[in-house]
Amino acid sequence: MDVLKVFVGSPSGLNLRNVLWHGFVAPQEIPPKYCSVMVLLTAGLGQLLKCFLRQTNHTLWHRSFLALTDLEDWIVFPDVTSEALSVLEDVMKKSTFVFKTMLPYWEAAVTKFRSHRFADCVILLLTQLEAGLRRAFATVNRCPQRLLTAESTVLYTTFDEMLAKELNDGTINQLPLLLGEPVMEFLWDFLNHQEGPRIRDRLSHGEVNLNEFPGEAANQLLAFSTVLLLRFTSGDVVSVLKEKAAIKSLISIAEGYSSHFHPASQLKKQVLSCEESIHSWPALPLPEERILEAARWSQALRVLCGTSIPTLYCPRIVLEVLAVLRKVSAQCQQVCDQVISSAKLRHRQWVEKTLRSRQRQNYLRMLRSIKLLSPVLYLILLLIVLELVNIHAVQGKSTCEYQRYLKFLKSVLQYTENLATYTSQEKNKWDETVSLTHGALLKIWTYSEKKQMLMHLAKKATDKAVS
């Protein structure tokens with residue numbers, strides 16, 4: 001344990017894991033003998049564990065690796081071409097973002113990418129992005145003492161502080177102003193947002209299989225790094241490099257980047273997924289009159305979901321509202337899935353004439369309910385999106401107004417939760433869904449008449465600004 005404390009754990013020791021992972025150490029600053037000790041120590045710990053398990057007759061169950069899923073959600077840059085790699089190799093030698101002592105790490109990252117050692121490439125890039133951003137952070141915030149601080153008595157500057165809105169003393173962090181929102185959004189998406197890939201956490205805690213690490217992730221980080229290094233490079237050569245087609249494309253994408261994993265962005269995805277489910281209802285195999293298609297509803301939802309919303313450093317009050325709206329959307333999705341599943345099952349049983357008399361009556365009630373539920377679910381989705389695109393108007397509410405607004409949203413959530421219960425195959429309470437829906441529509445109408453929804457407040461603010 002003492003050896004572990006000296007080499008890995010305690011800040012009073014060498015603390016190798018942290019000073020290396022956070023990009024403080026240059027290649028020549030780590031003696032090879034330290035690496036040898038760590039290899040022998042790891043092997044020795046394995047032998048000790050093996051002996052312990054044999055003596056105690058215990059079995060060690062290894063935790064399964066996490067799979068980095070939904071890659072299509074965070075792939076924004078095209079594949080890095082050989083031309084782009086050549087530009088990166090050139091610009092890393094000229095950019096003020098790169099410490100000259102750290103240049104071997106950058107060169108090794110490109111080499112690892114070319115040899116398809118994608119996890120190694122990303123690990124090297126993450127440490128050097130942190131080192132480079134720390135320099136920019138210390139410079140723009142005029143705190144040069146934070147640049148080289150990696151001492152046992154002082155908390156050193158890491159991504160967590162660099163990506164924050166404010167510094168520890170409450171002053172505004174100037175780094176976001178220097179980098180711009182698109183760059184900050186990418187860093188938050190890739191590193192911090194709970195529903196994002198959180199590559200740094202996954203790798204640093206050994207949660208992913210290094211041999212199966214996706215090349216797409218390395219590709220995204222390498223492309224982003226190229227654009228970032230160009231931002232910190234000056235001279236005529238850079239102007240020429242930026243005109244290259246491959247680089248021009250990367251810069252354009254980076255400058256137009258918006259968050260994919262912020263709760264607001266995730267809510268848009270939920271709404272569009274639910275809309276797609278409802279849109280399929282007219283194609284369900286139903287023995288009676290078809291459900292009318294609602295093309296205008298679909299078009300309106302898609303247009304609204306395409307509206308840009310500021311997501312960087314959202315206040316707590318905004319995140320609270322988003323959390324409730326996401327729960328409402330999730331319940332709507334559950335209702336959609338249950339309706340589709342029940343409709344298909346009951347229709348098959350209807351055709352096969354295996355429904356008992358009571359089940360046939362219940363099936364007919366379900367068909368009548370579906371015709372009502374389709375426009376109502378569209379209405380709720382439209383309400384969600386209209387509130388979403390005006391989400392920041394909630395900051396203009398007083399405490400009392402906000403509590404009433406939150407109570408209204410929670411009443412809509414309660415309706416969708418009850419609807420999900422009634423439309424489940426276990427309950428099948430289709431008549432109850434009709435009366436429940438009438439009551440919910442009345443509540444929505446009553447609150448809407450008070451003009452206290454965010455869409456109303458935003459319109460008032462716009463009208464006031466115009467006048």
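Analyst: P285 sits in the loop between α15 and α16. Helices are DSSP runs of H or I with at least four residues, strands are runs of E with at least two, and both are numbered from the N terminus. The model is predicted, with local features requiring pLDDT of at least 70 and side-chain atom pairs pLDDT 80 or more, while totals for chains, interfaces and linings use all residues. Residues are numbered from 1 along each chain as its sequence is written, and side-chain values use heavy atoms, leaving out hydrogens and water.

With a relative accessible area of 29%, P285 is partly exposed. That class lies between buried, under 20% relative accessible area, and exposed, over 50%, using a 1.4 Å probe and protein chains only. From P285 to I199 the separation is 86 residues in sequence and 44 Å in space, C-alpha to C-alpha.

Axes here are lines fitted to C-alpha atoms, for helices over the stretch in contact, and angles run from 0 to 180 degrees between N-to-C directions. An angle under 35 degrees counts as roughly parallel, over 145 as roughly antiparallel, 65 to 115 as roughly perpendicular, and the rest as oblique.

The crossing of α15 with α16 is left-handed. In a left-handed crossing the near helix is turned anticlockwise from the far one by less than a right angle; clockwise would be right-handed. On the α15 side, K268, V271, L272, E275 and H279 meet S298, L301, R302 and C305 of α16. This contact of α15 with α16 has 4 nonpolar, 2 polar and 3 charged residues. Contact means heavy atoms within 4.5 Å. Ala, Val, Leu, Ile, Met, Phe, Trp, Tyr, Cys and Pro count as nonpolar, Asp, Glu, Lys and Arg as charged, and the others, Gly among them, as polar.

The loops at the other ends of these helices come next. H262 belongs to the loop between α14 and α15. H262 is buried, at 3% relative accessibility. Residues up to four places away in sequence aside, H262 touches D189, H193, T311, C314, L319 and L322.

One of those partners, C314, lies in the loop between α16 and α17 (316-351). C314 is also buried, with a relative accessible area of 13%. Apart from neighbours within four places in sequence, the contacts of C314 are H262, L319 and H392. From C314 to P176 the distance is 14 Å in space, C-alpha to C-alpha, for a separation of 138 residues in sequence.

Another helix pair can be set beside the first. The axes of α1 and α3 come within 12 Å and cross at roughly 135°. These two helices, α1 and α3, are therefore oblique to each other. The crossing of α1 with α3 is left-handed. V3, L4, F7 and V8 of α1 meet Y34, V37, M38, L41 and L45 of α3. This contact of α1 with α3 has 9 nonpolar, no polar and no charged residues.

As for the whole, the protein chain has 21 helices and 0 strands. Of its 467 residues, 46% count as buried. The C-alpha trace spans about 80 × 75 × 45 Å along its principal axes. Of the contacts between residues at least 6 apart in sequence, 76% join residues at least 24 apart.
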